[in-house]
Amino acid sequence: MQNHSQVSAPPPRRWLQGSVARALLGGIFAIGLVAGCERIAFYSTGRPPPDSNASSTTASSSTGDSSGDPTGGMGTVTRATLLDAIATCNLELLDTFQKAAQELATEAAEAKTDPAGRAEAQAAWIKAIDIWQRAEPFQFGPGGPTNTPGGQGLRDTIYSWPLVSRCLVEQNIVSKSYEGPDFGTTALINMRGLAAAEYLLFYTGTDNACTPASGINATGSWAALGADELASRKATYASVVSTGIAAMAGKLLGAWRPGEGDFAAQFRNPGKSGSVYTTEQMALNAVSDAMFHMETHVKDQKLARPLGIMDCSNATCPEAVESRFARRSRPHVRNNLIGFRMLMSGCNDGEGVGFDDVLVALGATALAEKMNADVNAAIAAADAVPSDDLAEAIAQDPESVTKLHAAVKRITDSLKTEFVTVLDLELPQLLEGDND
Amino acid sequence: MTERAEAVRPGRLARLASLLLRPEDAAALAAFRFCFGLLGCVSAIRFLVYGWVDEFFVKPRFFLSYWGFDWLAPLSARGMHALFVALAVVSACVAFGFLYRAAIVLFLLGFTYVQLLDVTNYLNHYYLVSLLALLLSFMPLHRAYSVDAWLFPKLRSATLPAWCTYLLRVQVGAVYFFAGLAKVNSDWLLHAQPLNIWLSSRTYLPIIGPLLGERWVAFAMSWAGCLFDLTVVAFLLMPRTRVAAYAVVLFFHAVTKLLFPIGMFPAIMVVAALVFFSPSWPRNLIGFLRRRAPAPAPALPARVAAPLPPLFGARVAIAACYCAFQLLWPLRTHLYGGNVLWHEQGIRFSWRVMLREKNGSVTYLVTDPRTGRTQEVPPRKYLNGRQERDFSTQPDLILRLAHQIARDFEAREGVRPVVRAHAPVSLNGRPAELLLDPTVDLASISDGLAKATWIRPVPTAPPIHLESLAWHRP
């Protein structure tokens, strides 16, 4: 049994009666508040007003205008000026694309009634896709996936590649489902958009890609279409999807344009009321996420797969190239690289504010120069590929395509390592979570 | 053994017993139990509310298990959700001391199971929660201020033995001390990295934002953080400095909470640091809040004169071994040499908290030995974005996935492939360099605790120094 000799409890600490203790309680309360509002605390902050006088750094790394000022007269590069420049660049791109899409719709409509107009429609498609491929690395906000901030998935409604299905398009040709109301803007994304338009405008063969057991072959409904009827239906279908492309291009432009959706304002003013980006860093992250298109789509899907070095059971997989009917897979990659350069070095062939200017302002000049050089080297590698059709180039000169792939990989390696490190960006689709 | 030695030992043991078994006011430990349970409950609810149960444990196609724990598998989606609901419930039981013994053991098992499922989920503070739960499962913290004590009067005791507090102090003290020791490196002290990188991207914050881009601020915070971690335990242990030290604890963790997405970590450490206060602090606090004299503390025996409890020596030995482990295990990385932030051997379970901004890009090159044909395999074929980010800078995880890729290839093609990895990594803003020897066949290398010769030496370039760059327009 224990010997419990009773002793009195110690007197209350003197400190507990003083102001220090009150400060302690206040601190505990503050911690409670902070813990309770953790997401708000980290993601909802404003930024100083535009006229704030806080310090900033002048820098230039882009080719710049005649004065050598990449800010276009603003004189100072900050992350905010970068967001501003990206929004402006994107609006210009989307405006140009919308006009090209409208041109495509007009030409495709004419080709519907005049078969001789198909060449003009093809040229209009090439003009539109060339612009669109530059816009591919810009797919954040309304153009981006619906699970991203402000995302409406509009990119896929314009160009769904690699989600394409020639067989589905051919089934529609037989069923004439493209005649339904709003088909061009509401049908499944792999039945419309620029990819479907490419097949309809460029492919003149009378075969189809569906299995012998599929309805159009088993019932003979495809075979029953004569060559003329097939061409006529393709032209009509092409007109429908081209009109849809123009409509979706207008919708995407409208979503960004001031006076309509004005997403540009949300993008330029993160952290302010009404913006889906609760911090400026979140807006920059959205751009950097979109730039990873260079890895997932360009490096892996457009180059590695056809080259046979990824997800390909044969020596090469030329059937996996983009643009199998217009045979423009090389220009597509080149335009993707130019779009990437618009973000990296600034709009208009590297003029204006780009990520490189922010990197230089931060002191990461070597990284900025390296990434600019790598992007230019990749564009040069694309130019060195002997054919516009990568499938043909892989057959004739696989080394040139391998070099292009390696050049793109150098960009994506920098993007995933130093670039996100120096700018403290998150990798795409990184779940918000705890760290320590 | 000599008679003299035998004569001395019981005396020492008795003195040790009087120290460790000395009854103390149970109030502080009851408050700690309550706060710990509450944090566990909030943590489980966060996972459910934020959708993290699905993201972390249901959606991933592949889990990077801990070495030796390959046999652990996640439950079904419904099972994982049920587990987190159960964790919230048992945490609440711990907080209120209801069926405490069962609840704390169930919490320990459930929480640790969840953490062991995927290494990419590893966080130092989750490890700390598991360790604290382990310690709490041996402590009778339900004897006071609990539903158990109310339901079962025989359990009631206004005091608890002092060893409970000592063990918790050793555990929490180790966290702070080793976190401070880990900061004694050139990146942290001489280059203020990674704080310079992290603070530079937070210049948009109101009021303090413009300051955060200044390099001197990063240096000041780096040194202050290091000194804080190394010394705070000593100041918390001394009664004269305890309150001031705790105020600094609150300030430090509030600042880190505001600046960085570190979830429950600050709250856990703020609660954990309470173990350094006197056993009667809740009584004094309540008295202060009511502006009257605190409730009297329970009568405390002056000394222990009872016979030693059964197996007392063995219990002390086990506790001593635990403490020794906690003091030695975090140091194991020094056996590997080099820069632990680069090779990461021994980095886990060593309280190296927020020491690196590290990003990598891994591409596997899988070669069929029969044909010599090489194909690329991107990690995203197995991992989601969150897993890939954590994985791509940790050599043992890259090795583990290489083994899985080799197994899958062998199952498909009937031959063991050569698996190499091209893995450039940037540490604290250094130019990216290859983390692993790109010529090594990872499929032929066994995972283990030995020094990994297939990891390349740390880059010799210093970390980047970022200049101040404001967010706003000029």
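Predicted model: local features only at pLDDT ≥ 70, side-chain atom pairs only at ≥ 80, totals over all residues.
**Entry 1: domains of chain B**

I began with how chain B is divided. I found domain 1 at 24-160, domain 2 at 164-295 + 313-343, and domain 3 at 357-444. I then looked up domain 1 of chain B against domain 3 of chain B, and their C-alpha centres lie 35 Å apart. The contact between these two takes 7 residues from domain 1 of chain B and 11 residues from domain 3 of chain B. I sorted the residues on the domain 1 side by class and noted 4 nonpolar, 1 polar and 2 charged.

**Entry 2: α4 and α8 of chain A**

Next I looked up a helix pair in chain A. Helix α4 covers residues 118-135 and helix α8 covers residues 193-202; their axes come within 10 Å and cross at roughly 155°. An angle over 145 degrees counts as roughly antiparallel, and therefore α4(A) is roughly antiparallel to α8(A). The crossing of α4(A) past α8(A) is left-handed.

I listed the residues that make the contact. From α4(A) I have Arg118(A), Ala121(A), Gln122(A), Trp125(A), Ala128(A), Ile129(A) and Trp132(A). From α8(A) I have Leu194(A), Ala197(A), Glu198(A), Leu201(A) and Phe202(A). By class the contact of α4(A) with α8(A) holds 9 nonpolar, 1 polar and 2 charged residues.

**Entry 3: α15 and α18 of chain A**

I then turned to another pair in chain A. Helix α15 (residues 329-345) packs with helix α18 (residues 365-384) at an angle of about 165°, and the axes are 9 Å apart. That angle makes α15(A) roughly antiparallel to α18(A). I noted a left-handed crossing where α15(A) passes α18(A).

On the α15(A) side, the contact residues include Arg330(A), Val333(A), Arg334(A), Leu337(A), Ile338(A) and Phe340(A). On the α18(A) side, I noted Met371(A), Asn372(A), Val375(A), Ala378(A), Ile379(A) and Ala382(A). The class count for the contact of α15(A) with α18(A) came to 10 nonpolar, 2 polar and 3 charged.

**Entry 4: the sheet β6-β5-β7 of chain B**

In chain B I looked up an open sheet of 3 strands in the order β6-β5-β7, with antiparallel pairing. Which strands stand at its edges? They are β6 and β7 (418-422) of chain B; each has a single partner strand, so one side of each is left without a neighbour in the sheet. Neighbouring strands of this sheet are turned by 25° against each other on average, direction ignored.

I followed the pairing of β5 with β6. Strand β5 (residues 363-367) and strand β6 (residues 374-377) of chain B are joined by 4 bridges and run antiparallel. The bridge partner of Leu365(B) in β6(B) is Glu376(B), and Thr367(B) stands opposite Thr374(B). The hairpin of β5(B) and β6(B) has 6 residues between the strands, and Gly372(B) there takes a positive phi near 80°.

I also checked what lies across this sheet. Helix α19 (residues 395-413) of chain B lies across β5, β6 and β7 of chain B, and runs at about 145° to β7(B).

**Entry 5: the sheet β4-β8-β9 of chain B**

I found an open sheet in chain B with 3 strands in the order β4-β8-β9, also paired antiparallel. Its edges are β4 (358-360) and β9 (433-434) of chain B, each with a single partner strand, so one side of each has no neighbour in the sheet. Between β4(B) and strand β8 (residues 424-427) of chain B I noted 3 bridges. In this pairing Asn359(B) stands opposite Ser426(B) of β8(B).

Here the helix comes from chain A: helix α20 (residues 398-422) of chain A lies across β4 and β8 of chain B, at about 5° to β8(B).

**Entry 6: backbone details**

Last, I looked up peptide bonds and phi values. A cis peptide bond joins Trp161(A) and Pro162(A), with omega about 10°. I placed Pro162(A) in the loop between α5 (154-158) and α6 (166-175) of chain A. In chain B, the bond from Gln193(B) to Pro194(B) is cis, with omega near 10°. Pro194(B) sits in the loop between α9 (186-189) and α10 (195-200) of chain B.

Asp262(A) has a phi near 50°, a positive value in a residue other than glycine. Asp262(A) is in the loop between α11 (227-256) and α12 (263-268) of chain A.

Notes:
Residues numbered from 1 in each chain as written. Chains lettered and ligands numbered in written order. Domains from an automatic or database assignment. Nonpolar A, V, L, I, M, F, W, Y, C, P; charged D, E, K, R; others polar. Axes fitted to C-alpha atoms, helices over the stretch in contact; angles between N-to-C directions. Helix = DSSP H or I, 4+ residues; strand = E, 2+ residues; numbered from the N terminus. Parallel < 35°, antiparallel > 145°, perpendicular 65-115°, else oblique. Left-handed = near helix turned anticlockwise from the far one by under 90°. Pairing = 2+ DSSP bridges.
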